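Here are my notes on this two-chain model. Please read them with the structure open.

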Amino acid sequence: MKKMLGIIAAFAIALSASPALSASHTMEKVKACFIYVGPIGDFGYSYQHDQGRLHLEEALGDKVETAYLESVPEGADAERAIERFARSGCNIIFTTSFGYMDATNKVAGKFPDVKFEHATGYKREHPNVSTYNSKFYEGRYIQGQIAAKMSKVGVAGYIASFPIPEVVMGINSFVLGAQSVNPDFKLKVVWANTWIDPGKEADAAKALIDQGADIITQHTDSTAPMQVATERGIKAFGQASDMIRFGPQTQLTAVVDDWGPYYVKRVSALLDGTWEQVDVWGGMKEGHVVMAPYTNMPDDVKALAEETEAKIKSGAFDPFTGPVKKQDGSDWLAEGEVADPGVLLGMNFYVAGVDDQLPQ
Amino acid sequence: MGMFEAILLTVFAAATPLLLAAIGELVTERSGVLNLGVEGMMIMGAVAGFAFAQITGNPYLGALGGMVAGALFSLLFAFLAITLVTNQVATGLALTILGLGLSGLWGEAFIGVPGVKLTPIVIPLLSDIPLIGRLFFAQDILFYVSIALVFAVSWFLFKTKAGLILRSVGDSHGSAHALGINVARVRYLAVMFGGACAGLGGAHLSLVYTTQWIENMTAGRGWIALALVVFASWRPLRILLGAYLFGAITILQLHIQALNLSDLEFLPAPIYGLMSVLKSIPSQFLSSLPYLATIVVLVLISRNRRLTLINTPAMLGQGFVPDR
């Protein structure tokens, strides 16, 4: 009996020790799965994530197998899609849109052995959930400066998707950039309430141009606004990827999301057994955000853009540096103060100079 | 070009695909068949229209291709719902889902390709008339077709024998059958007409509206077209009104959003006050206005039971199995 107990005790020790062992164990091969909000052919946001996936396959070769689901709506469908992936043997699942936040955390609770990486969110309710994001706003500041230099009337049109911190941050940064060049610069904002609907995005672009904007920028994913800008003979910025093919004479630059290096890093960590929960927010410095070539602009504008880009890249400058007031006139950042990342990631207010009412 | 004219131009463009798809569905429903696959047929028209235009380099052939694709795709529905007498609601929904999937598959090669635009046909002299010239006489062919179709369908349904036969099939397929009318044949033709129109509406999206192909680019316009048919209580001319009203709501909500209040301070106080109230409406609410309008109209017309019954095809959604 005593012997028996001893064996049981030994078993118990072995069992309790095994999680510690598995936590550091290395893997031969990883199945990495991706969930996209739009079609991979949007030539915008989802396209760039898929480019990241292809980069991952190329970099890690036969050590990685990938799978993806595109055009997965944010909501109940997302949870089903993520759970399907978790059941089908995915070791790590990248959920690439803000609206997958709750679904990702819910499924992560049910599958503790699968790693989850949620893009642009802030909830990490389980140890197997990481969040990652890029400081797109850095690029939007440069766009704002270019817009203020290039606009003849001093008015730009901004096609926004949903009033989430990510998008609000972009608008604020764009305005701060523009007003650093022209303090009277004005921005018109249209909320499309969709990530991708070419018809509606085109309509929004037309409405903005008809009301006098002569520069168009967008935080929605299709190339339709670029085409409208081309037809109307004005300039525009590409979104998420280099959209120069759709407006060779139109695109000034684009904030390009480069997810590839991050995907390689995270899957490699899983292979080495060093994967840990992280909250990564990389910008130009880390190579997450890259500017498409500066085109269709005079040399002095290009020089200004390059100068700002270099300052941001070196870490010497952040677009959200005081003094900055909120839209209602109250103080936000004091002289020289840099915004707290936590405040930015929950940003639900405009800075002074944005002439729009933020939908709540 | 004045601002007013510019706004109307975009309203016209927004209304045309809705009008095309809705007028086709009206004819289908008048024959007693409820085809909920409009969205699917539209997207097939969009991808086929884009593909044909791209391959041949001719946007007119593209529009034709979109029309044919919509009609062919609707044949699948017709075979299931008319010949095999399946549940029309389920079959229509299946057609939409299938269309969205198939178009994504077939359209993959055309993603990211700048397309061929269907350019406007400018009618000399007439197009020089101030305001209405540019609006009515310098448009693409699909605009002219959509307007002509409304009047043609109205004339066909209410002034020709063939139209009477179609309506009789929709109102009482048993009686029509007893009179020797081939119910199935009439319905096949009506469904294919609906498919062709939806396909043409889809082709408008990928050839005129935004010259590109993207998956799911119809983005629910097929459903609005379906709602429009009910909105119009199955009368063609009301479809014209409805489509333009929907188009106007879609466009105007964007314009309200784009307004900067600080630019309007010169306006008299009441107008400025009105604008600031409009501006304070959340954009999410404005985006849902076209759908809310449909619900309001449905409530209004359903209050008058007799009026609803007069226009609703009595056999709508019911399969026909001849007993002898």
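This is a predicted model: local features need pLDDT of at least 70, side-chain atom pairs count only at pLDDT 80 or more; totals for chains, interfaces and linings use all residues.

1. Terms for the sheets. Two strands pair if DSSP finds at least two bridges between them. Helices (H or I, at least four residues) and strands (E, at least two) are DSSP runs, numbered from the N terminus. On that basis, E10(A) and E12(A) pair in the antiparallel sense, over three bridges. One such bridge sets Val256(A) against Val290(A) in E12(A).

2. Residues are numbered from 1 along each chain as its sequence is written, and chains are lettered from A and ligands numbered from 1 in the order in which they are written. The scores are ipTM 0.86 and pTM 0.84. For chain B the average pLDDT (the predictor's confidence in each residue, from 0 to 100) is 90, and 99% of the residues score at least 70.

3. The parallel sheet of chain A. Six strands make an open sheet, ordered E2-E1-E3-E4-E5-E11, with parallel pairing. Strand E2 (64–69) and strand E11 (279–282) of chain A are at the edges; each has a single partner strand, so one side of each lacks a neighbour in the sheet. From one strand to the next, the twist averages 15°. Axes here are lines fitted to C-alpha atoms, for helices over the stretch in contact, and angles run from 0 to 180 degrees between N-to-C directions.

4. Strand E3 (residues 92–95) and strand E4 (residues 115–119) of chain A are parallel and share four bridges. Thr95(A) has His118(A) in E4(A) as its bridge partner.

5. Helices on that sheet. Contact means that the C-beta atoms of two residues, placed from the backbone, lie within 7 Å. Helix H2 (residues 45–60) of chain A lies across strand E1 (30–35) and E2 of chain A, at about 165° to E2(A). Helix H9 (residues 260–272) of chain A lies across E1, E2, E3, E4, strand E5 (129–134) and E11 of chain A. H9(A) runs at about 145° to E1(A).

6. The mixed sheet of chain A. Another open sheet of six strands has the order E7-E6-E8-E9-E10-E12 and mixed pairing. Its edge strands are strand E7 (186–191) and strand E12 (289–291) of chain A, each pairing on one side only. The twist averages 15° from one strand to the next. Helix H7 (residues 198–210) of chain A packs on the sheet and touches strand E6 (155–160), E7 and E8 of chain A. The direction of H7(A) makes about 160° with that of E6(A).

7. How many residues of strand E9 (residues 235–240) of chain A are buried? Six of its six are, where buried means 20 or more other C-beta atoms within 10 Å of a residue's own, exposed 12 or fewer, and partly exposed in between, with C-beta atoms placed from the backbone. E10(A) has seven of its seven residues buried. Strand E8 (residues 215–218) of chain A runs parallel to E9(A), joined by two bridges. Ile216(A) has Ala236(A) as its partner in E9(A). The chain passes from E8(A) to E9(A) through helix H8 (residues 224–232) of chain A, a right-handed β-α-β crossover. Right-handed means that, with the strands pointing away from the viewer, the path from the first strand over the helix to the second runs clockwise. E9(A) also pairs in the parallel sense with strand E10 (residues 251–257) of chain A, over four bridges. In E10(A), Gln251(A) stands opposite Ala236(A), and Val256(A) opposite Ala240(A).

8. The interface. Chain B gives 35 residues to the contact and chain A gives 33 residues. On the side of chain B that touches chain A, helix H11 (236–258) is among the elements giving two or more residues.

9. A loop residue in chain B. Ser288(B) sits between H13 and helix H14 (289–303) of chain B. With 14 other C-beta atoms within 10 Å, Ser288(B) is partly exposed.
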